[in-house]
Amino acid sequence: MTSSVTMPAMPLSLRRAGETATVTKIRGDASMKHHLANIGFVEGSEVHVVSASGSNIIVMVKGARFGLDAKVAQRIMTA
């Protein structure tokens, strides 16, 4: 019998530097989802947190480095 433990989804804004997570959902209006999808934040993509400090987070997604405001990072749900 195999049991799989799934971690609950949490906003990207709560991830710490050095963590890698998978995008599970993008919250927000259509323009926000479209903008984030254009820069690589789509369901299933891996995101690596380079650094996180207060109101900003720097991440690597699909080989590109981005700086996000914590309010935007809060809309990106990860597991």
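**Exercise 1. Thr 78 and its surroundings**

Task: Decide whether Thr 78 is buried or exposed in this predicted model, and work out what surrounds Thr 78.

Solution: 
- Step 1. Start with accessibility. Thr 78 has a relative accessible area of 0%. Buried means under 20%, so Thr 78 counts as buried.
- Step 2. Thr 78 belongs to strand β6, which covers residues 76–78.
- Step 3. Look for a polar partner. The side chains of Thr 78 and Arg 15 are joined by a polar contact of 2.9 Å.
- Step 4. List the neighbours, leaving out residues up to four places away in sequence. Thr 78 then touches Pro 8, Ala 9, Met 10, Pro 11, Leu 12, Arg 15, Ala 21, Thr 22, Val 23 and Thr 24.
- Step 5. Pick out the partner across the sheet. Val 23 stands opposite Thr 78 in β6, and the strands β2 and β6 pair in the antiparallel sense over 3 bridges.

**Exercise 2. Building the sheet**

Task: Find the order of the strands in the sheet, and say which strands stand at the edges.

Solution: 
- Step 1. The protein chain has 2 helices and 6 strands, and along the sequence they follow the pattern β-β-α-β-β-β-α-β.
- Step 2. Carry on from β2 to β3. These two pair in the antiparallel sense over 3 bridges, with Thr 20 opposite His 48 in β3.
- Step 3. Move on to β4. Strands β3 and β4 run antiparallel and are joined by 6 bridges; Ala 52 stands opposite Ile 57 in β4.
- Step 4. The 6 strands form an open sheet, β1-β6-β2-β3-β4-β5, with antiparallel pairing. The edges are β1 (10–11) and β5; each has a single partner strand, so one side of each is left without a neighbour in the sheet.

**Exercise 3. The turn at Lys 62**

Solution: 
- Step 1. Count the turn. The hairpin of β4 and β5 has 2 residues between the strands.
- Step 2. Locate Lys 62, which lies in the loop between β4 and β5.
- Step 3. Check the backbone angle. Phi of Lys 62 is near 50°, a positive value in a residue other than glycine.
- Step 4. Most residues other than glycine have a negative phi.
- Step 5. Check the surroundings. Lys 62 has 62% relative accessibility and counts as exposed.

**Exercise 4. The aromatic pair**

Task: Which residues form the aromatic pair, and why does the pair tie together separate parts of the chain?

Solution: 
- Step 1. Search the rings. The structure holds 1 aromatic pair, formed by Phe 41 and Phe 66.
- Step 2. Phe 41 sits in the loop between α1 (30–38) and β3 (46–53), while Phe 66 is in strand β5 (residues 64–69), so the pair ties together parts that are 25 residues apart in sequence.
- Step 3. Phe 41 is buried at 1% relative accessible area, whereas Phe 66, at 22%, is partly exposed.

**Exercise 5. The nonpolar core**

Task: Which residues touch the most other members of the largest nonpolar core, and which element gives the most to this core?

Solution: 
- Step 1. Of the 14 residues in the core, Leu 12, Phe 41, Val 47, Ile 57, Val 59, Leu 68 and Ile 76 touch the most other members.
- Step 2. Trace them to elements. Those giving two or more residues are β2 (20–26), α1, β3 and β4, and β4 gives the most, with 3 residues.
- Step 3. Follow one member. Setting aside neighbours within four places in sequence, the contacts of Leu 12 include Phe 41, Val 47, Ile 57, Leu 68 and Thr 78. This brings us back to the residue of the opening exercise.

Key
Residues numbered from 1 in each chain as written. Predicted model: local features only at pLDDT ≥ 70, side-chain atom pairs only at ≥ 80, totals over all residues. Heavy atoms only, no water. Phe/Tyr/Trp six-rings, centres within 6.5 Å; stacked < 30°, edge-to-face > 60°. Helix = DSSP H or I, 4+ residues; strand = E, 2+ residues; numbered from the N terminus. Buried < 20%, exposed > 50% of the residue type's maximum accessible area, 1.4 Å probe, protein only. Pairing = 2+ DSSP bridges. Core = buried A, V, L, I, M, F, W, Y, C linked by side-chain atoms within 4.5 Å. Contact = heavy atoms within 4.5 Å. Polar contact = N/O pair within 3.5 Å; in protein donor to acceptor, adjacent residues only side chain to side chain.
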